[in-house]
Amino acid sequence: MTVGRTWALIIVLAPLLCSWGCKTSDSSVPFRAARILMGTYVEITLTGDEDRARKTAHRVFEELKRVERVTSFHERSDLTELNRQAGNGAVPVSEEVFDLIEEAVRYAEQTGGAFDPTVGALSSLWHFSAGEPVLPTAQQIEQALETVGWRSLELNEESHTVKLGKQGMTVDLGAIAKGHALDRAGEIVRGSGAPGGLVNAGGDVIVVGEKAPGIPWKIGVQDPRDPQGLIAVAELTDCAVVTSGDYERFFERDGTRYHHILDPRTGYPARGVRSVTIVSPSATEADALATAVFVMGAEKGLELINARESVEGFIIDADGKVHMSTGGAPLFTMK
Ligand code: AMP
Ligand code: MG
């Protein structure tokens, strides 16, 4: 069994890289810093004053760490407590976690359940995010599927409580939490007064402002079948770009690729798509939609992207064909 884990899914097309706090004598050269966080390689690029940039980068890294902690369903958190109480009563959670679950449920509603934050029992079974992935038995999948279903999740706005209606039901925010973390990072960069900034978390990127006056940020999107190659370059200001792909966490068995994006109807990895790249002003939305569109497939997925305001993107289907959203062409140069 081979496991493919590609960290640098999107390569920022800028002079690369140094590990922590590059000293730049020329203030027109952006400040850069990088760390391993959220299970991936996180790189921050900030323009403007260097001292401010150093402090801002530090705050961003701390915030990403915090968000990772409160949204993880493996570490001790509101979420693990909520999951432990599944099938019992309503459990109070922080406002942040409540809002994120609420947003996740909204995406579940809007995508006909293709996006489902209650896939936790299934994703735990496949072990994609912790340890070595395994191919579960059909019986295990059937059992886990009984706990999946966002309609059994009840939210109470007043008491900020969440109730998981079935025993074993497990909330997994893995398909949306990184987007939320990036939005928080974007707020910090914006609030710092830096003229421009970019935070790249393993290929999921938020950009603030421009790279330089009149010059957008350029972001390369990885080719799903070539870890070293790009499939597209996006030119963006003030928005997020997020990709979900079958090459991020996968293994192969008897010629079949098994990856981490699961179809909540079958319990198995969704078929028919290699990758989905979404651009949106909200990284949370881009993250949720990238996963949802992947599960929905090229045709229905493209309809969903086109129906949403301020959202563009493209889908690479199982044959390598590109499906571009109506307004996507000016944003992406395909390679
Ligand atoms: P992403 O890489 O953003 O597409 O998110 C994939 C991760 O989200 C997986 O590792 C699971 O933890 C979780 N996940 C898998 N399938 C789904 C799904 N259909 N809906 C919501 N979350 C999912
Ligand atoms: Mg996602």
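**Helices and loops in the predicted model**

Modeller: T291 counts as buried, because its relative accessibility is 13% and the cut-off for buried is under 20%. Please keep in mind that this is a predicted model.

Biologist: Where is T291 found?

Modeller: T291 is part of helix α7.

Biologist: And which residues does T291 touch, leaving out those up to four places away in sequence?

Modeller: With those left out, T291 touches F115, A175, S244 and I261.

Biologist: How many residues of α7 are buried?

Modeller: The helix is mostly covered, with 13 of its 14 residues buried.

Biologist: What span should α7 have, and how far apart are its end C-alpha atoms?

Modeller: Helix α7 covers residues 283-296, and at 1.5 Å a residue its 14 residues should span 20 Å. Its end C-alpha atoms are 20 Å apart, so the two values agree.

Biologist: What is found at the start of α7, and what comes just after it?

Modeller: At the start, a side-chain oxygen of S282 comes to within 3.3 Å of the backbone nitrogen of T284. Just after the helix, G297 has a positive phi of about 90°.

Biologist: How do α7 and α8 cross?

Modeller: Their axes come within 6 Å and cross at roughly 145°, with α8 comprising residues 298-307. The crossing is right-handed. On the α7 side the contact is made by L289, V293 and M296, and on the α8 side by K300, G301, L304 and I305.

Biologist: Let us change topic to α1 and α6. At what angle do their axes cross?

Modeller: The axes of α1 (residues 50-71) and α6 (residues 177-192) cross at roughly 155° and come within 9 Å. An angle over 145 degrees counts as roughly antiparallel, and α1 and α6 are therefore roughly antiparallel to each other. Their crossing is right-handed. Among the residues that make the contact are R52, T56, R59 and V60 of α1, together with A177, H180, A181 and R184 of α6.

Biologist: Is α6 mostly covered or mostly open?

Modeller: It is mostly covered, as 12 of the 16 residues of α6 are buried. The buried ones include L182, D183, A185 and I188.

Biologist: What do the buried residues of α6 pack against?

Modeller: They pack against the helices α1, α3 (95-110) and α7, and also against the strands β3 (40-46), β7 (196-201) and β8 (204-209).

Biologist: What about the span of α6, and which residue follows the helix?

Modeller: At 1.5 Å a residue, the 16 residues of α6 should span 22 Å, and its end C-alpha atoms are 23 Å apart, which agrees. G193 follows, with a positive phi near 85°.

Biologist: Now the loops. Is P117 buried or exposed?

Modeller: P117 lies in the loop between α3 and α4, and its relative accessibility is 1%, so it counts as buried. Its C-alpha atom is separated by 6.7 Å from that of W150, although the two residues are 33 residues apart along the chain. Residues up to four places away aside, P117 touches W150 and others, including A104, V105 and T170.

Biologist: Which residues other than glycine have a positive phi?

Modeller: H127 is one of them, with phi near 60°. It is found in the loop between α4 and α5 and is partly exposed, with a relative accessible area of 35%. S310 also has a positive phi, of about 60°, and lies in the loop between α8 and β15.

Terms used:
Residues are numbered from 1 along each chain as its sequence is written. Chains are lettered from A and ligands numbered from 1 in the order in which they are written. This is a predicted model: local features need pLDDT of at least 70, side-chain atom pairs count only at pLDDT 80 or more; totals for chains, interfaces and linings use all residues. Side-chain values use heavy atoms; hydrogens and water are left out. Helices (H or I, at least four residues) and strands (E, at least two) are DSSP runs, numbered from the N terminus. The expected span of a helix is 1.5 Å times one less than its number of residues. Buried means under 20% relative accessible area, exposed over 50%, partly exposed in between (1.4 Å probe, protein chains only). A polar contact is a pair of N or O atoms within 3.5 Å; within protein, one must be able to donate a hydrogen and the other to accept it, and residues adjacent in sequence count only if both atoms are side-chain atoms. Axes are lines fitted to C-alpha atoms, for helices over the stretch in contact, and angles run from 0 to 180 degrees between N-to-C directions. Angles under 35 degrees count as roughly parallel, over 145 as roughly antiparallel, 65 to 115 as roughly perpendicular and the rest as oblique. A crossing is left-handed if the near helix is turned anticlockwise from the far one by less than a right angle, and right-handed if clockwise. Contact means heavy atoms within 4.5 Å.
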